Amino acid sequence: MTANRAAYQPGQKSPSLDVRDAPYPSPGADKIVVKNGAVAINPIDWLIQSRGDIMFTHIAYPFVLGSDVAGEVVEVGRNVTRFKVGDRVLGFTRGSDPKINDPAEGGFQLYTVLRPNMVSHIPDELIYESAAVIPLGIATAAAGLFEETELALDLPSEPAKPFNGKTLIIWGGSTSVGVNAIQLGVAAGYGVLTTASPKNHKYLKSLGASEIFDYKSPTVVADIVRALKGKFTAGAMSIGQGAAEKCMEVLNNSHGNKFIAMASFPVPQKEPQGMVFFRTVIFFASWIISFKMNGLFKGVKSNFLNAGMITNSNIGKAIFVDYLPKALAAGTFTPGPKAEVVGNGLEHVQDGFDAHKKGVSASKIVITL
């Protein structure tokens, strides 16, 4: 029998991962098994590790976290026709979804079970560490841009659709969600206006953003409003702390779709002390009430999004099946952000968590296997 190993999160708020032998997963009739060549780290991974008592409380420990994988198909369920053994793929894992809750579908292991509608073929020239940066970022961006409860934009295509005259605002363009949202927006026919540190402006321009603004500039909102004069907005996606508030200011002073798809949850500037769960809930509820009331007054609607929204909707297929494989093969979609490899082997996943906590800019922490 094939041997598997995994980096387990032992329990709620356990400070370090436990790398040990794991059951080899079976794909069942409708899934595939991938031998991972690289996995990527996302903030949600180490946030669950440190705050498992207040987020993803459904998880049954010990558990295998990890959302981003790239590797080679080694088993195919009998009902799966799109993949064959030996195919090179990237995949968005769904193990931590409340309705799934299965460590076999977690990323931080040698072999992972994937759902075909969350998997894309990758070209031979694309190395696994570069492919692994894509899945969660593109899934989150797609949920915000295309789901009916969010911005509900036109879907992307390869080749890209012609410019439709509407401008999409993406606050936080150099993030892992932002770099994917920019490319999806352009492929769907929208002009993209985004924000980032000046050092990342050239990079975002290469991805298709038409205008980029320094998010730290004291005049950034006024500058964006001025740039949007005479234009019709397609709405905004907010990524990062304070982004939603800035987007509301912009939309309040522009014409078009006054809707914000929010990819980031607000967090207290200072760690709540004592009764953490209740203090966090109170902070979050207060922020939501204040933000929604402000939006009601200004005529700006908003909604929080999560990548899991696309798992069972037509958006998942539209991105991972219909669009991304073609765009990667054509070279019109750039894997992003840049992969920053911090080690080889599951023993380095915790190192990846620690490195990510220190902060990244236009890059994503990756572990090769």
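Student: How much area do domain 1 and domain 2 bury between them?

Tutor: The size of an interface is often given as the accessible area lost when the parts come together. Here domain 1 and domain 2 bury about 1,600 Å² between them, with 61% of it on carbon and sulfur atoms; buried area is the accessible area (1.4 Å probe) that two parts lose on being put together, summed over both. This is a predicted model, in which local features need pLDDT of at least 70 and side-chain atom pairs count only at pLDDT 80 or more, while totals for chains, interfaces and linings use all residues. Residues are numbered from 1 along each chain as its sequence is written, and side-chain values use heavy atoms, leaving out hydrogens and water.

Student: Which residues in domain 1 lose the most area to domain 2?

Tutor: Ile54, Tyr323 and Ala362, together 31% of what that side buries.

Student: At what angle do helix α1 and helix α10 pack?

Tutor: Two packed helices are described by the angle between their axes and the distance between the axes. Helix α1 (residues 43-51) and helix α10 (residues 349-357) pack at about 100°, their axes 9 Å apart. That makes α1 roughly perpendicular to α10 (65 to 115 degrees).

Student: Which residues meet there?

Tutor: Pro43, Asp45, Trp46 and Gln49 in α1 meet Gln350, Phe353, His356 and Lys357 in α10, contact being heavy atoms within 4.5 Å.

Terms used
Axes are lines fitted to C-alpha atoms, for helices over the stretch in contact, and angles run from 0 to 180 degrees between N-to-C directions. Helices (H or I, at least four residues) and strands (E, at least two) are DSSP runs, numbered from the N terminus. Angles under 35 degrees count as roughly parallel, over 145 as roughly antiparallel, 65 to 115 as roughly perpendicular and the rest as oblique.
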